[in-house]
Amino acid sequence: MKEILSLFALVLGLSVASASDTNHETISAKGHKPLVLIARLNSLPGKSSAVIALSAAADKAVEEKEPGMLLHTFDRNPSDKLGFVWTEVYANSAALEFHLQNPDLIKYLTDVNPLLASFTVELYGEVSQAAVDMLEAT
């Protein structure tokens, strides 16, 4: 049960501790640890090639300009030709905030949006409220 609660809490950017856990949460302020963002996209029929091209350009721009991005990959869902997944690992919440303000990302989101049937984002780890607020505003 603790594992299920922990997974749910991680999605929400919260931390869950049991009596047996060490309480290092009080040592580091929330948002200073690495975190993971998973974005799931489904392109509209006939738009996958355009989504791939836009995503490749965005990936290159992020790689060149965001030192706080530890991992940034774009993968096709092997069981759904219209499905794609961004896997992103950030050094901390400040790196996520920086990413969300990157003009290349803003252009990508504007350009790719009309090509998508769906776009969802999941966060795992400690995330500052400021980063969550920025993500929700995007």
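Asn92 is found in the loop between β3 and α3, where helices (H or I, at least four residues) and strands (E, at least two) are DSSP runs numbered from the N terminus. The model is a predicted one, in which local features need pLDDT of at least 70 and side-chain atom pairs count only at pLDDT 80 or more, while totals for chains, interfaces and linings use all residues. Residues are numbered from 1 along each chain as its sequence is written, and side-chain values use heavy atoms, with hydrogens and water left out.

With a relative accessible area of 23%, Asn92 is partly exposed; buried means under 20%, exposed over 50% and partly exposed in between, for a 1.4 Å probe and protein chains only. Not counting residues up to four places away in sequence, Asn92 touches Gly31, His32, Lys33, Pro34 and Leu35, a contact being heavy atoms within 4.5 Å. A polar atom of the Asn92 side chain lies 2.9 Å from the backbone nitrogen of Ala95. The C-alpha atoms of Asn92 and Glu126 are separated by 8.3 Å, although these residues are 34 apart along the chain.

Ser128 lies in the loop between β4 and α5 (129–137) and counts as buried, at 13% relative accessibility. Leaving aside neighbours within four places in sequence, Ser128 is in contact with Lys30, Gly31, Ser93 and Glu97. With Glu97 there is a polar contact between the two side chains (3.3 Å); such a contact is a pair of N or O atoms within 3.5 Å, where within protein one must be able to donate a hydrogen and the other to accept it, and residues adjacent in sequence count only if both atoms are side-chain atoms.

The protein as a whole has five helices and four strands, in the order α-β-α-β-β-α-α-β-α along the sequence. Of its 138 residues, 36% are buried.

The axes of α2 and α4 come within 9 Å and cross at roughly 170 degrees. Helix α2 is therefore roughly antiparallel to α4. The contact involves Val51, Leu54, Ser55, Ala58, Ala61 and Lys65 of α2, and Asp104, Tyr108, Asp111 and Val112 of α4. Axes are lines fitted to C-alpha atoms, for helices over the stretch in contact, and angles run from 0 to 180 degrees between N-to-C directions; under 35 degrees counts as roughly parallel, over 145 as roughly antiparallel, 65 to 115 as roughly perpendicular and the rest as oblique.
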